[in-house]
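The exercises below concern a ligand site and a pocket. Work through each task with the structure open before reading its solution.

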Amino acid sequence: MFGGGYVGLVTGACFADLGHDVVIRDVVPERIEQLRAGEIPIYEPGLEQVVERNRERLQFTLEIDEVVDDAEFLYIAVGTPPTPSGDADLHYVWTVIDQLPQELPGRPVVVMKSTVPVGTGEAVRRRLDARGLTHVGYVSNPEFLAEGSAVRDFMNPDRIVVGSFDPDDGERVVGLHRGLETEVVRTDVQSAELVKLAANAFLSTRISFINEIANVCDLVGADVVDVAKGVGLDHRLGPHFLKAGIGFGGSCFPKDVTALKQLAGNSGYQFMLLQAVWEVNELQKRRVVQKLQKHLGSLHGKRIALLGLAFKPNTDDMREAPSRVIAYRLLSEGAEVRAWDPVAHPGDLPGIELAETVLDAVRGADAAVIVTEWPELATLPTPEVREAMAQPLIIDGRNLLDPVAAREAGFAYEGIGRPRHATTPNPSHREELRT
Ligand code: UGA
């Protein structure tokens, strides 16, 4: 496994759990030292246990020879960050391909786990051939792991996608997954590459769509939570990824939306829908600021508590987190920002004060903004919090709280697309209708 980051580590550890011998190679010495010492350098529920129970089958190394030695599969799980133009930066991929030794016994298969533009497989194939490595196979096997549930996602996948040039190489990669019960999609390399980008772009589209519906709800007095429920119960649409909020972040959606838009553009097609998905998401992060202004007027000199910094709960990841945009928008409006997160403690937010506890963050604040739906925040509207705040105003960027309960607890409350002032309980009437 080339790359001991999120994907490489989870995939490698889970393959070991399926009974395979896995060698994970990373170029960062501290990371390898940590892993050898049994420490997990990322926050991912369940991963430590999987690594622990497979210590016999898992090795960590800095040396390329130790990975390729007798390897039947050469998994690539290195980063493919966007370049300033929005194209994927593949230089880590090329470094791996160029470092493969000339003498590789048997028929090892290079398997691409990293998310790459369509056409990368063909380019790698050409490069392998040019180096005389025609006996080395190539397969695209994209990952669908979500941070925070990555181990569960690997062990219970919705599908396994395997695209290959040579059918036998593909079958061997399918065989690696023996023990997992799921649908297998066998296809060509280009299609497998596109499945990954299309899936992430589609999920992002759903989020931007429901966020726009939420913005309409704010204007017409509808409740987006009920609307999403009513929409999602249509089996053709389904209930997932219809949570309105402050927009999507993380290392995948923003990157993959851009990558697919860019890929289409480079191929001569303007992907207008994705342009809109992106813009809606950028505006959505900033709507919190407008909502604060609606309640507080000018934010100059106001103290705002940001509750949650990670791009979603159960991770310490702050890549492309909406919290970054919100924090610096608030600073440029002249507000003082104090932030709290149970796991993410970033050192790269100059000007933002970090608080140890929720109570410390909200003390003296003119408003509290829920940025990440950490379970700890579900009980935010307490008398203690209300007393601690200079003004008891909650802007709920994730629709985590019950608006009625929050208002009854003495807070001014505003969610995203939940403008109703007096809501009546709205149970599901499904059972009653049936009887
Ligand atoms: C995502 C995909 O879910 C994985 O299937 C994929 O493998 C991964 O990207 C990747 O490409 O590697 P991840 O970025 O970890 O996983 O996070 P998600 O749980 O999908 O959430 C992404 C963002 O969307 C978060 O900021 C989240 O708060 C937001 N979101 C999600 C919403 O705003 N509303 C929703 O209904 C769902």
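**Exercise 1.** Which backbone N or O atom lies 2.9 Å from an oxygen atom of the ligand?

Solution. The model is a predicted one. Step one: the backbone atom at 2.9 Å from a ligand oxygen belongs to Lys 243. Step two: look for further pairs of this kind. A polar backbone atom of Phe 311 is 3.0 Å from an oxygen atom of the ligand, and a side-chain N or O atom of Lys 196 is 2.7 Å from a ligand oxygen. Step three: turn to area. The ligand taken alone exposes 720 Å², and the protein buries 90% of this.

**Exercise 2.** Describe the shell around the ligand by residue, class and origin.

**Exercise 3.** Where does the second largest pocket lie relative to domain 1 and domain 2?

Solution. Step one: the pocket holds about 1200 Å³ of space. Its lining has 44 residues, and Gly 5, Tyr 6, Val 78, Gly 79 and Arg 319 are the closest to its centre. Step two: among helices, α5 (91-99) gives the most to this lining, four residues. Step three: both domains give residues to the lining, so the second largest pocket lies between them.

How values were computed. Residues are numbered from 1 along each chain as its sequence is written. This is a predicted model: local features need pLDDT of at least 70, side-chain atom pairs count only at pLDDT 80 or more; totals for chains, interfaces and linings use all residues. Side-chain values use heavy atoms; hydrogens and water are left out. A polar contact is a pair of N or O atoms within 3.5 Å; within protein, one must be able to donate a hydrogen and the other to accept it, and residues adjacent in sequence count only if both atoms are side-chain atoms. Accessible areas come from the Shrake-Rupley method with a 1.4 Å probe; for residues, only the protein chains shown count as cover. On a 1 Å grid over the protein atoms alone, a cavity is a set of points where a 1.4 Å probe fits but cannot get out, and a pocket is an open set with protein on both sides within 12 Å along at least five of seven lines; lining residues have an atom within 4 Å of a point. Grid points are joined across faces, edges and corners, and a volume is the space filled by probe spheres set on the points. Helices (H or I, at least four residues) and strands (E, at least two) are DSSP runs, numbered from the N terminus. Domain bounds come from an automatic or database domain assignment.
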